[in-house]
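Visitor: I am new to this structure and would like to learn how to read it, one feature at a time. Could you take me through it?

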Amino acid sequence: MSRFHLSSDESVHEAARELCSAAELTKAGEVTNKGINISTYEKRTIENTNLTVFENGGFVAVTGTLIINGKMGGEALESVYDTFTNGGAAAVRDQAFGHYAVIVGKGDQVTVFGDPNGVYEIYYTTQNDWVVSNSLHLCSSTLSEPTVRKHELLVKALEVSEVTDSTIFTDVKRLEGSELLSIDTSEDEISVEPMSRPQAGWEYQDESIETVVEDYSERVMSVFADITAATSDIGIQATGGLDSRSVLAGILQQETNPAILYAVGNSPLTNTKDNDLDVARKYAQEFNLDFRQLDWGGSLPTDRSKWTALFRKYGYRYNTYGATENFYDSLASSAVPELLMSGYAFGTVSNHYYWELTSSMPITLREIVENHFTYVQKFSDDQFGRKDKYIEQLYTDCQTALNRHGLQVNPGEELPLETFVTVIQLLNGRPQSAYVNIANEFSFHLAPYATFELSRPMLDFPPKHRRGERIRVKLLEELYPNVLNIPMFSGTAQAKITEDSELVFPKSPSDRLVDFVSRNLPQPLLSQIRPIYQHLNSGPVGTETYNELKRSYQSRIQDSELTAEDFDLESYTGDIRLPARLVHYVHGIEEVGYGSVVDR
């Protein structure tokens, strides 16, 4: 299913249906009785059943991608309903995996919940005429003169991970992975209830690397066995690194031949690389797989009328890759299989970089937020006038988020390396969810290492085994070692694998200089010179393409009361994707309309 909306008010329900019709979505199923109205819509590229009504009046709907007992899509619906009937929502999450929303109706009760990591987006309004949907655009459009939260707008636009349940609008919230919605249709009451995540079934703390790899590889094989049982029509969006390689190894280990897909763009918004394309082709050649090249090029996305058309069709997800129109066309093409897979992983659990910051330890939470989490350091104080205030508010958000995860960090507390890595991983728990959600509007899409089943064990990998991605390299050796014969890249740097299964990226002279400076200069001085370093490493700055995009975004920023007083991009030379996301969210908000603006 691409979208759903659920409400008790018939006029709200009708307005939501009109919005989905304008988005060119095809209705797949509907239930309108007993004070409840739910409509579901087909995915844009493939046919699929997503709502089933049973003889007893109960119903079940699933949006996104959920796999249970080797079943996916319409085939999984009855299993989800039976599992819920016998054990409730917790039983479904214990047996299923993926990125999904589940809606179950039984008698006068309707229950809504998502995947434990909260990667898949579920929103709900808190006004009397409530609505629940996987579309922020739809929820906000049902409000009368919604109030915009400026801080949350900036977080949504400038960070890669959201750490709270707040959204851009005061009366819309995002459902957490630790929550469910319970709706009593007889009383027209909706409530948010806590929901525990599945219990850990692993214990790695004192284990050898061989034991850790053996246990984790069995978990990976079990998940991939269910994936290939659900469908054999699989494609992998491949790059030159370790993440998508781990997906490919898992599928090949199951003796299934996926298609290899890679998209080529023509601007810094799409950020595609020749090395990644070369590796993707080599995968296809080496393992006799079908290679499909997607086109993310075309004209630069600076036409505001096209932004409006894309927003009306895709909602706030229209800003993926800078609202590049060819991106959406490629997902709608016949090249996309029933199940598209990517290598995105939960947080930064796989990033060996953090385990090499021993010289920066101990570290406080404030230093983590300022130096390792937020992206607003790419803006100077002149370019982003409220940066200090923004970081202070973000710091408070991060404290609250960690408390929700059961991790209490006191102000000023100095944290060792192991706690630092746990903190940064938990804070980055929902990155890339934007891609997972928009891709699921077209076909089934799964980032297996971002599911609870494969991401959470990574959080407990022993620190002593983390160096140089040794666990993940050994995982590939266990799953399908031939994938290591293909060159591995991170950006333009080619990696080497040592005899000890350690991944090593040769450091350039500039990298070694950065390491030296990071080890020997105090944090206040590092904060001052960081913008200079980012300017020198910010990619295609100064090209006509970059400058044209920047002029377009600067103009749009100055046109809006939401951003004009806070930003000036005249001297900006950083990642162009940050101002792109900002102006696209602002454009969407103004398309919906709003009544007032508050700071938080």
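Guide: Let us begin with a term: a residue is called buried when its relative accessible area is under 20%. Please keep in mind that this is a predicted model.

Visitor: How many of the 11 residues of helix H12 are buried?

Guide: In helix H12, which spans residues 417-427, eight of the 11 residues are buried, so the helix is largely enclosed by the rest of the structure. The buried ones are Leu417, Phe420, Val421, Val423, Ile424, Gln425, Leu426 and Leu427, and the buried residues of H12 pack against helix H10 (365-373), helix H11 (387-404) and helix H14 (452-459).

Visitor: Which residues touch the most other members of the largest nonpolar core?

Guide: In soluble globular proteins, nonpolar side chains tend to be buried together. Here the largest nonpolar core has 89 residues, of which Leu158 and Tyr553 touch the most other members. Setting aside neighbours within four places in sequence, Tyr553 is in contact with Leu269, Trp307, Leu569, Ile576, Pro579, Ala580, Val583 and His584. Another core, of 55 residues, lies apart from that one, and Tyr204, Ala230, Leu479 and Ile486 are among its members.

Visitor: How many disulfides does a search of the whole structure find?

Guide: A disulfide is a covalent bond between the sulfur atoms of two cysteines. The search of the whole structure finds zero. Take Cys20 as a case: the closest cysteine sulfur, in Cys139, is 11 Å from its own sulfur, which is too far for a bond.

Visitor: Is Cys20 buried or exposed?

Guide: Cys20 is buried, with a relative accessible area of 1%, and Cys398 is buried too, with a value of 0%.

Conventions:
Residues numbered from 1 in each chain as written. Predicted model: local features only at pLDDT ≥ 70, side-chain atom pairs only at ≥ 80, totals over all residues. Heavy atoms only, no water. Core = buried A, V, L, I, M, F, W, Y, C linked by side-chain atoms within 4.5 Å. Buried < 20%, exposed > 50% of the residue type's maximum accessible area, 1.4 Å probe, protein only. Contact = heavy atoms within 4.5 Å. Disulfide = S-S within 2.5 Å. Helix = DSSP H or I, 4+ residues; strand = E, 2+ residues; numbered from the N terminus.
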